[in-house]
Amino acid sequence: MDTLLHNFVADMYGPNFLLLYGVVIIATLLLCERLVQDPTKNQPLPLIPAEPDPYKIAYLRSQATGIAHLVLFNLIQQGYLQVSEQTLSKTSDHPDISNLQPVERQVFEKISEPATAKTSLWLATECVQPFCIAYQEQLDDEKLLYAGKWQIRNVQFGLMGAMLIFSFGCYKLLIALGKGRYNVGFLIIMGVLSIIYLLWFVSQPHPPLSHLGTRYLQQLQTTFNKLRETSIVNNNLLVLALFGVESLAGTAYDAYYKAFFPPAYSTTSSRSSSSSSSCSSGSGGSSCSSSSCSSGSSCGSSCGGGGCGGCGGGCGG
């Protein structure tokens, strides 16, 4: 018992202990930061397949939403759906639905009535959720997605670090209070703030892709963008999976792009017309309502009796 009350740490002078406590906190934070790093950070990139699966790449890039876009786009390519401005609807003379894959048929049947592009995408995303499980498992096995178990491990490391900071600080706090020393404000502040920061840091949500998955997707985009520029890649599904809906702008499927990114129409002409000069006449007299004239003169005063003479010439009596 005497050893717990009288030792190097227990008998340390306050400012010296705060310095030591600060070193312990910084070392613990740096260690935890190192331990919670993405385990795929230094792993080599997988080889690019000769014929990549667009659906797998779409899930890697945008998860279920990416696959939903591919299914909708494929239905448009095959003539089952059509785009009219911001609306997706079934074509009147669509081919036999028996030719569709199960997930495509589900999405096609889900869009029973014409719907906006965003609503159609939401419906399609719901339909493809079960279809995404297989791709998620494949990408998890290849460590291209950030695994949930890694996040749990990060929190465990954070809790151990927080416990170390708490225990060390709490021990000195109890010793100080037992000796009648109550100037422990800095000690409490250092401990509380560092623990809060550490737990916040390790509990931060991670993006769906692992470090390896991010680099692999970038490699795919770089490789196939070069091939696309040389017209070697003509697979619209693969282009859409890799680069998103924006890649369809200016192509034969520009309507699909505009359905999700409608053009912003200019309102310059309407603003110009609203700023033109006008004169209004009432029963008791006339007034010039324009604020400025091309000649530089203003018609800000009211007009009497004889009416408005127009801008530039003034208001005649």
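Helices here are DSSP runs of H or I with at least four residues, and strands are runs of E with at least two, both numbered from the N terminus. This is a predicted model, in which local features need pLDDT of at least 70 and side-chain atom pairs count only at pLDDT 80 or more, while totals for chains, interfaces and linings use all residues. Residues are numbered from 1 along each chain as its sequence is written, and side-chain values use heavy atoms, with hydrogens and water left out.

I'll start with the charged pairs. A salt bridge is a side-chain nitrogen of Lys or Arg within 4 Å of a carboxyl oxygen of Asp or Glu. That rule gives two salt bridges.

One of them joins Asp254 and Lys258, at 3.2 Å from N to O. Asp254 lies in helix α10, which covers residues 254–260. For burial, the cut-offs are relative accessible area under 20% for buried, over 50% for exposed, and partly exposed in between, with a 1.4 Å probe and protein chains only. Asp254 is therefore buried, at 16%, and Lys258 is partly exposed, at 38%. Contact means heavy atoms within 4.5 Å. Setting aside neighbours within four places in sequence, Asp254 contacts Leu248 and Ala249.

The other pair is Glu142 with Lys56, where the closest N and O atoms are 2.8 Å apart. This pair links distant parts of the chain: Glu142 sits in the loop between α5 and α6 (148–178), Lys56 is in helix α3, and 86 residues separate them. Glu142 is partly exposed, with a relative accessible area of 35%.

Glu104 belongs to helix α4, residues 102–110. The buried residues of α4 include Val103, Glu104, Val107 and Phe108. Seen down the axis of α4, the buried residues fall within an arc of 135 degrees, so they line one face of the helix. The arc is taken over the directions from the helix axis to the C-beta atoms. Among the elements covering these residues are α3 (54–77), β1 (81–84), β2 (87–90) and α5 (117–141).

Ser194 is in helix α7, residues 185–202, and is buried at 6% relative accessible area. A polar atom of the Ser194 side chain lies 2.9 Å from the backbone oxygen of Gly191. Beyond four places in sequence, Ser194 touches Ile25, Leu29 and Ile165.

Now the backbone. Gln63 has phi near 55 degrees, a positive value in a residue other than glycine. Gln63 is found in helix α3 and is partly exposed, at 21%. Glu85, also not glycine, has a positive phi near 55 degrees. Where does Glu85 lie? Glu85 is in the loop between β1 and β2, and is exposed at 65%.

Last, the cysteines. With a disulfide defined as a pair of cysteine sulfur atoms within 2.5 Å, the count is zero. Cys127 is buried, at 10% relative accessible area, whereas Cys170 is partly exposed, at 26%.

Notes:
Polar contact = N/O pair within 3.5 Å; in protein donor to acceptor, adjacent residues only side chain to side chain.
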